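Hi,

Here is the structure I promised to pass on. Please have a look at it first, and then read my notes below.

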Amino acid sequence: DLSQIYSKDLLPTTGGERVTCIFFQELVNILIGYIFKSNERSSKILDFHHPHQLKDNLEGFSLDLPDQPEPLEQILVDCRDTLKYGVKTGHPRFFNQLSSGLDLIGLAGEWLTSTANTNMFTYEVSPVFLLMEEILLKKMQSIVGWAEEEGDGIFCPGGAISNLYSILVARYDFYPEVKTKGMSALPRLALFTSEHSHYSVRKSAAVLGMGSDSVQVVPCDESGKMIPWELESSIIEAKAKGLVPFYVNATAGTTVYGAVDPLAAIAVVCHQHQLWLHVDAAWGGGLLMSRRHRVKLQGIERASSVTWNPHKMMGAPLQCSAILLKKRGLLQECNQLCADYLFQNDKHYDMSYDTGDKTIQCGRHVDAFKLWLMWKAKGSEGFGSQVNKCLENAEYLYKQLQRRADFKLVLESKPEHSNVCFWYIPPSLRKLPPGPERNRRLHKGGRKKKAHHHCPDGILKLQVAPQIKAKMMEEGTTMIGYQPLGSNVNFFRCVFSNPATQQEDVDFLLEEIARLGYN
Ligand code: ABU
């Protein structure tokens, strides 16, 4: 009975061993129950509530912070409720995000990491984790295809920050004085990225003081790949305007279509114009683990830097993202400030392992251990099979969509990655041929007559895909994302990164969309 027991009764309180043990056993039971539920197809993915409902002591679940301590029994109830009202991203029918699944070895790694509760800035406090990070980075660099004497990098908080590092270091490589003199040391720089690339490139340019307008957006072909000759034209045009090109971002696995830019051809353009080539393989990096699919990233070895997120295709628990740099030492030179209280130069061990000064953070979470543990448990081959399975699921979905009259593929070609994009065509629109009229009606708001706090008259206008998504979330049976892109009105994007997903889940998804969208 933990109703009269408080956190003060846990360790380090003298004699707190028994209570600590009971509390954690109860907590582990809650977590194991959650893991089981996440793997049960019949369980809901989410028990959706609007923010105002969740903030309003829903079924006694209070988010308010008390002045007086609450007993451990209540703390366990809070843990259970937190999971109850969250989203089971490990459920085999969760297709909403590029990162999904619940890898149990990765989870064990994350638990251990939190238990160790240390900081990645110095070897002094993270000796084992820092060596594991080094081993992982070297392994990833060799998989990218860099030579033994090349390669550097660091794990960072997500792909957007990894991309930011690539621009920061590229700029430093061309203009080292920017570190001390700031923007006055720079000409008007130009960066290049494709229209389908991740928004973090433009955001980074803004954060780094160059302005998002310094990013030149290069057109793509119909499958979402950057067109190399358009890149070259853009570079020439920028030079003619007096801008100084220095950086090209190529994407290996765009967020929506999963397109891989033609890396080898882009590398040739970058070489001709002496530009830094970064490959944002946050999503596509996982393909490198598969003998069958790694060929799609041919040319990545010519990049000066690579973003690769193992928390996406490789299924590592969030967060786990690496920025890899070909030129050794640049990251340290670019960012180091030698704070005396951390990076003393008279330590008794090899201080090159105090890698914290390579980063723009000070405190840094241990993101490497869970991946290291997963790699031990699966081997490189295991990751390869996992990736192959995700792409097989994507191909299965693609084939189902090809043969059904109630769905329409956005791209007719076979998916290159595990993204499959499609529209659901309600019966009322099925007789219309693809074209502007059908698009207009797919785009037109339907009427949803359920009360909604944002909509005082209780009528909410939603287009076909958002309407289906809204019902899906309220029923909690499956989850898939949607978005418009270019001239394409809102369409669904299904992505596979969860090894728990089977073909029966793909069948379920289509039937569920058809059921929810039927009108
Ligand atoms: N670019 C971050 C991941 C986006 C997504 O999960 O859809």
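Before the notes on layout, one definition: the domain bounds used here come from an automatic or database domain assignment. With those bounds, the centres of domain 1 and domain 2, taken over C-alpha atoms, are separated by 41 Å. The assignment puts domain 1 at 7-88, domain 2 at 149-337 and domain 3 at 377-517. Please keep in mind that this is a predicted model.

**Overall picture**

The protein has 15 helices and 14 strands. Its radius of gyration is 25 Å, close to the 24 Å that the globule rule gives for 519 residues, so the protein is as compact as a globular protein of that length. Along the principal axes, the C-alpha atoms fill a box of roughly 75 × 60 × 45 Å.

**Helix pairs**

Let me begin with helix H1 (residues 17-39) and helix H3 (residues 72-84), whose axes are 10 Å apart and pack at an angle of about 15°. Angles under 35 degrees count as roughly parallel, and H1 and H3 are therefore roughly parallel to each other. Their crossing is right-handed. On the H1 side, the residues that meet H3 are Phe 23, Glu 26, Leu 27, Ile 30 and Tyr 34, and H3 brings Leu 72, Leu 76, Cys 79, Arg 80 and Leu 83. By class, this contact of H1 with H3 has eight nonpolar residues, no polar ones and two charged ones.

Next come helix H6 (residues 159-174) and helix H8 (residues 200-207), with axes 9 Å apart and a packing angle of about 55°. That angle makes H6 oblique to H8. H6 passes H8 in a right-handed crossing. Here Gly 159, Ala 160, Asn 163, Leu 164 and Ile 167 of H6 meet Ser 200, Val 201, Lys 203, Ser 204, Ala 205 and Val 207 of H8. The residues of this contact of H6 with H8 divide into six nonpolar, four polar and one charged.

Then there are helix H9 (residues 228-240) and helix H10 (residues 263-272), whose axes come within 9 Å and cross at roughly 20°. That crossing angle makes H9 roughly parallel to H10. The crossing in which H9 passes H10 is right-handed. From H9, the contact uses Pro 228, Leu 231 and Glu 232, which meet Ala 265, Ile 266 and Val 269 in H10. Sorted by class, the contact of H9 with H10 has five nonpolar residues, no polar ones and one charged one.

**Backbone details**

A few spots in the backbone deserve a look while you have the model open.

- Leu 11 and Pro 12 are joined by a cis peptide bond, with omega about 15°. Pro 12 sits in the segment before H1.
- From Leu 318 to Gln 319 the peptide bond is also cis, and omega is near -5°. Gln 319 lies in the loop between strand S7 (305-308) and strand S8 (321-325).
- Glu 59 has phi near 45°, a positive value in a residue other than glycine. You will find Glu 59 in the loop between helix H2 (51-54) and H3.

Happy to go through any of this with you.

Best wishes

How values were computed. Residues numbered from 1 in each chain as written. Predicted model: local features only at pLDDT ≥ 70, side-chain atom pairs only at ≥ 80, totals over all residues. Axes fitted to C-alpha atoms, helices over the stretch in contact; angles between N-to-C directions. Helix = DSSP H or I, 4+ residues; strand = E, 2+ residues; numbered from the N terminus. Parallel < 35°, antiparallel > 145°, perpendicular 65-115°, else oblique. Left-handed = near helix turned anticlockwise from the far one by under 90°. Contact = placed C-beta atoms within 7 Å. Nonpolar A, V, L, I, M, F, W, Y, C, P; charged D, E, K, R; others polar. Rg over C-alpha atoms; globule rule 2.2 N^0.38 Å.
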